[in-house]
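Let me put the model up on the screen, and then I'll walk you through what I found.

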Amino acid sequence: MIRRQVRRGLAPVLGLALAAPMAQAWGQELIAAPRPRRLPPPSPALLRSLQGFQEDLERLDRTLLPAAPEADATGVPDATLPGLPDPSLPAPAATALPQVPEAVRIERRQRLSLAEALAVAVRNDPDLVAAVLGVREQQDLAGSARGRRWPELGLNLAGGFSQQRSYSQVWTDNAGIYPAGSPFLVRNQGWNVVQSNVGAAAARVELAWELLSPYRAAAIAEADDSLKASRQRYADRLRQLQLDVSIAYYGLQLADQLLRIRRAVVESDTVVRDQVAALQQVGLVPRLDRLRAEAALQQSRYRFEQAEALQLSRQRQLSNLINVPFDVSLRASDAVRLQPPWPLDLEQTIVRGWQDNPQLRALQAARDALLRQADRRAAELLPSLRLVATGGYGQGLITQPVIRLEGCCSSALIPQLLNQRSDWAAGLQLHWRFFDGGVTAGAVAASRSAAARTDQQLARERNAIRQRLEAAFYDHRAALRQIVAARASYSASREAFRDVRARYQLGLADYSDVADTVATLTGAMEGVAESTTLANVSYAQLLRELLPVPDRPDQPVALPLVLGGS
């Protein structure tokens, strides 16, 4: 059973308004009917409780509008969200981990409509932010791949200083090699000492441009397909976010409604138990009746506690899903309203669900990226042609501050020498790796196998989408029929409540008749709420596969609640 909690202001959302008081003639007819013997007199407290039921039924007749905002049972006040989105609900920092209990204590309860909740979720959802960052990452990688179309231009700068000291000694002179008096003659045992200091600097510009490169074209195509896949994953996250938030919100609405109903039942059963206890004390009813009334009351309290816990749990589920501040808990401001019937038949739904589906298109783009990856790897064996050009300039200063000559090596020693040089070169470079022992062939085969595996994932996802659509379609159709039955049961239970209230007031029915009728009415009301929620949830599941969403993070996001945005 789908459960729902609700607030105290609408004591039971128990049912539609009681009709005006019964006509005088009908009352006289009831008075004239034979009355059972020794029937206990009507209890004023129970009559007041039934009057409260009537008021709640009138509220329910007015399309189940919720009660006015009220303070939560914990004493935490409600806040109102004035617009979309509310800057008071920023997402906590992604790395925030509060260390003190006060940081996660609920200080404020915020009411949101479903549309407002979706708007905040689009802004705060961590998975959606991660999908946006994934798109940006692939955009940067695609831009990096396209950059290979342009030439590479580089500058190399170099500079340094060195010092060298040398000592030379003549072991055998060179007399007879040169004529007498030649400056190149050295004497035996002559020597010299020379110290050289060298400072040099150089600059070089290099240009490389791929004129013909199959590898580059395949790399750009692979990056583009990866970008397409990341955009489709972003679009799919928008669809999934719409479904997650809708289910959480519908569940919270149901929890609110169940709490209102079960609170009213507890109040009614309390009054019945008190009356039965009073009657048992004066001997008008047996002890068994009091025990039965007590058991019914405790069971009602048990179900009420369940509904209260479910409401708090659903509030936190929605709050955590939307990623609001740690000290805020969200509440539903919308009344439970049935979405219109699904406008398409099953076959149309399946076909449209496959068209432009981000899940399928993401897999298709991933498959294409793997095929382009195979092309890129295969291109490593193809020839590539590039233009290469370099040009540079350098200069150096050579200083020899220490020159000592003792009969040796007096020529070609210069105390200081400046050297300058420049050069350039240009040409074409052809690279062709025509054999690598099967390395490239193995990588190409692996990429194509991965692409084939992705095709099978595509088939599995296609069938999964159809299964989800068919299941949601059948659930939605069944839920609409359940709503008809639940409303018919509710209508009959409401009339029975009118009758038993009048009969009890006139002394023609006792407290047990009232308790049984209220229990039947309660079940009918819960059936209406649960079948309505089931219909809305199944509608959201169908919408998840057909919802039109943008595939670029820079485009505006609008998540309609019904197909076609109507």
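So, contacts. If you take pairs in the protein chain that sit at least 6 apart in sequence, 88% of those contacts join residues at least 24 apart. Keep in mind that this is a predicted model.

As for what we're looking at, the protein chain has ten helices and seven strands. Of its 566 residues, 41% are buried. The chain exposes about 29700 Å², and carbon and sulfur atoms supply 56% of that.

Helix α7, residues 346–354, has the highest confidence, at a mean of 94, while helix α1, residues 24–32, has the lowest, at 35. There are also two stretches to flag. Over residues 63–75 the pLDDT stays under 50, and the model has 30 contacts there beyond four places in sequence. Residues 79–85 also stay under 50, with 17 such contacts.

On to the strands. Strand β2, residues 108–112, is mostly covered, with four of its five residues buried. Its partner is strand β5, residues 328–332, and the two run parallel over five bridges. If you want to find that pairing on the screen, look for Arg108, whose bridge partner in β5 is Val328.

Now, is strand β7 buried or in the open? Strand β7 covers residues 416–431, and zero of its 16 residues are buried, so it lies largely in the open. That's with buried meaning under 20% relative accessible area. β7 pairs with strand β6, residues 384–406, in the antiparallel sense, over 16 bridges. A handy landmark there is Ala389, which stands opposite Ala426 in β7.

Last thing, the surface. Which residues form the nonpolar patch? They're Leu153, Leu155, Leu157 and Val205, and together they have about 450 Å² of accessible area. Strand β3, residues 152–169, gives the most to the patch, with three residues. By the way, in a regular strand the side chains alternate between the two faces of the sheet. Val205 lies in strand β4, residues 191–212. Val205 has a relative accessible area of 40%, so we call it partly exposed.

That's my tour, happy to take questions.

Conventions: Residues numbered from 1 in each chain as written. Predicted model: local features only at pLDDT ≥ 70, side-chain atom pairs only at ≥ 80, totals over all residues. Heavy atoms only, no water. Buried < 20%, exposed > 50% of the residue type's maximum accessible area, 1.4 Å probe, protein only. Pairing = 2+ DSSP bridges. Contact = heavy atoms within 4.5 Å. Areas by Shrake-Rupley, 256 points an atom, 1.4 Å probe, with all protein chains shown as cover. Patch = residues over 30% accessible without salt bridge, like charges linked within 9 Å, V, L, I, M, F, W, Y side chains within 5 Å. Salt bridge = Lys/Arg side-chain N within 4 Å of Asp/Glu carboxyl O. pLDDT = per-residue confidence, 0-100.
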